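Hello,

Here is the structure I promised to pass on to you. Please have a look at it first, and then read my notes below.

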Amino acid sequence: MPKRIMISCPNCHTQFPGEVEQTIDAGSEPALKARLLSGNLNVQRCPNCGAAFQVGAPLLYHDGSKELLISYTPVELGMNKDQQEKAIGDLMRELTGRLPKEQIKGYFFQPRTALTMQGLVETILQGDGVTQEMMAEQRARVELIEQFLSTPPELLASVVEQNDAKIDIEFMQTLSLMGQRLAAEGHADIAEQLAALQFILLEHSTFGRQLAQQAEAQEATVREVAADIQKMGAAAGREEFLALARTYLGDVERLQALVGLARPAFDYQFFQSLTTQIGQAPEAERAGLEDLRDKLLELTQRVDQQAQAAMEEAVQLLQVLIDAPDPAPLIAENLPFFDEAFLSVLQANLDAAQQRGNIEVSAKLRTIYEQVMSALRDNMGPELKAINGLMAAENEDAARALAAEAAEQYGRDLLPMIDAVQEMMAVRGEPQVAERLGLLRGMVEAALPPA
């Protein structure tokens, strides 16, 4: 269980309440283990200056499956031996109080001690079967990323090509995880450099070009599946989606795109209908339909897990904004994180605060909502701003006037943009918005000169 403490920002010295994790049981809390290994455990963001930093605290790590128990006390805490023993003893009592008695074995009386956080992480990884050689390879990947970042832009493509053989899936994963971690810690400038480096690698490395080709193929598949969904019409129900899924039998990529685009269609009743069809199908078809059901169940679970993780991150980000005296600087730093999941969490909290009659919280959330939407509008591309303006038109006359202006400014290039937004709205189950976009597209096209 997290412990609530007062935290002092090392940057501006503001004190604020926060929570730290000190006992980590890998068996029951795998997410905490993942945060520890990624360096994101006990990372806090100052509500005053927005700085992100890791809070030092005594830790006790336990993995019963490997009979591994490790204690760690940060040197910077300045604790003497007696203080360290008391702190770890308290954590031991907390851990043993949570575990069934039969799980408390002899190794509990001889816990290992890690002198550094790096030592703690390496001991955990070794217990997971990660060898010293593997860790050395990971350090080499990080060093190569640092080398790329320090290379002058005009020489970077050449240096990438010289290291072409070292750029593989593990390297790209390391690069992506570093970017996510730095963005979460508030180092947006370095995270942006890593994102730019990723584009260079996609263009100038053999593996990067392969990834780019795969991404293009996946995007083409998603567009084709979205077109199939759109053909079914806004009134399509479970039976229509089941028929479509059966046409994708054996095509995992299309099934994945289908579930990603229309997750709500794959509910309990959908799988009931599929099970009924399996029972009624000829013997020769049953195995294929059972494989289809298993694959769809797996894909829906994966989408749900990703959605849950996104919601948890959105809740954490919203809490940081609520705690901040001035959320505007934090909003500017975190624009990429204000996605559909964040906006739905924000709207749900705003609705709940209004229903409770909590005027203070409602006002705070309303301010955050307005600032986020304003920041998103300011950072839209000009074409999207034009489409957004069309959608916000007060009446048909105003919409026609804006459509004429947009047609004159952007020409026929605006039509595919409207089509893409319309398709996205249709897939998301918002037929009225999609229909409105169709009408607006007609106004823009009518205002264009003949082709």
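A residue counts as buried when its relative accessible area is under 20%, as exposed when that area is over 50%, and as partly exposed in between. Ala 265 has a relative accessibility of 14%, so it is buried. Please keep in mind that this is a predicted model.

Let me stay with Ala 265 for a moment. You will find Ala 265 in the loop between helix H10 (252–261) and helix H11 (268–280). Setting aside residues up to four places away in sequence, Ala 265 touches Arg 238, Phe 241 and Phe 270. Glu 240 is 25 residues away from Ala 265 along the chain, and the C-alpha atoms of the two are separated by 9.7 Å.

Now for the whole protein. How many helices and strands does the secondary structure come to? There are 19 helices and 8 strands. The C-alpha trace spans about 85 × 65 × 60 Å along its principal axes. Of the 451 residues in the protein, 34% are buried. The protein exposes about 25,900 Å², and carbon and sulfur atoms supply 53% of that area. If you take the contacts between residues at least 6 apart in sequence, 61% of them join residues at least 24 apart.

Next, two pairs of helices.

Helix H12 covers residues 283–323, and helix H15 covers residues 359–378. Their axes come within 10 Å and cross at roughly 110°, which means that H12 is roughly perpendicular to H15. The crossing of H12 and H15 is right-handed. On the H12 side, Leu 318, Leu 321 and Ile 322 take part, and they meet Lys 364, Leu 365 and Ile 368 in H15. Sorted by type, the residues of this contact are 5 nonpolar, no polar and 1 charged.

Each of these helices also holds a residue that I looked at on its own. In H12 there is Met 311. Is Met 311 buried or partly exposed? With a relative accessible area of 32%, Met 311 is partly exposed. Leaving out neighbours within four places in sequence, Met 311 is in contact with Ala 341, Ser 344 and Val 345. Phe 207 lies 104 residues from Met 311 along the chain, and their C-alpha atoms are separated by 32 Å.

In H15 the residue is Ser 362. Ser 362 counts as buried, because its relative accessibility is 13%. Apart from residues up to four places away in sequence, Ser 362 touches Leu 350, Ala 353 and Gln 354.

The second pair is H16 (residues 382–391) and H17 (residues 396–410), which pack at an angle of about 165° with their axes 9 Å apart. H16 is therefore roughly antiparallel to H17. Here the crossing is left-handed. Which residues meet between these two helices? Pro 382, Glu 383, Ala 386, Gly 389 and Leu 390 come from H16, while Ala 399, Leu 402, Ala 403, Ala 406 and Tyr 410 come from H17. The residues of this contact divide into 8 nonpolar, 1 polar and 1 charged.

Notes
Residues are numbered from 1 along each chain as its sequence is written. This is a predicted model: local features need pLDDT of at least 70, side-chain atom pairs count only at pLDDT 80 or more; totals for chains, interfaces and linings use all residues. Side-chain values use heavy atoms; hydrogens and water are left out. Axes are lines fitted to C-alpha atoms, for helices over the stretch in contact, and angles run from 0 to 180 degrees between N-to-C directions. Helices (H or I, at least four residues) and strands (E, at least two) are DSSP runs, numbered from the N terminus. Angles under 35 degrees count as roughly parallel, over 145 as roughly antiparallel, 65 to 115 as roughly perpendicular and the rest as oblique. A crossing is left-handed if the near helix is turned anticlockwise from the far one by less than a right angle, and right-handed if clockwise. Contact means heavy atoms within 4.5 Å. Ala, Val, Leu, Ile, Met, Phe, Trp, Tyr, Cys and Pro count as nonpolar, Asp, Glu, Lys and Arg as charged, and the others, Gly among them, as polar. Buried means under 20% relative accessible area, exposed over 50%, partly exposed in between (1.4 Å probe, protein chains only). Accessible areas come from the Shrake-Rupley method with a 1.4 Å probe; for residues, only the protein chains shown count as cover.
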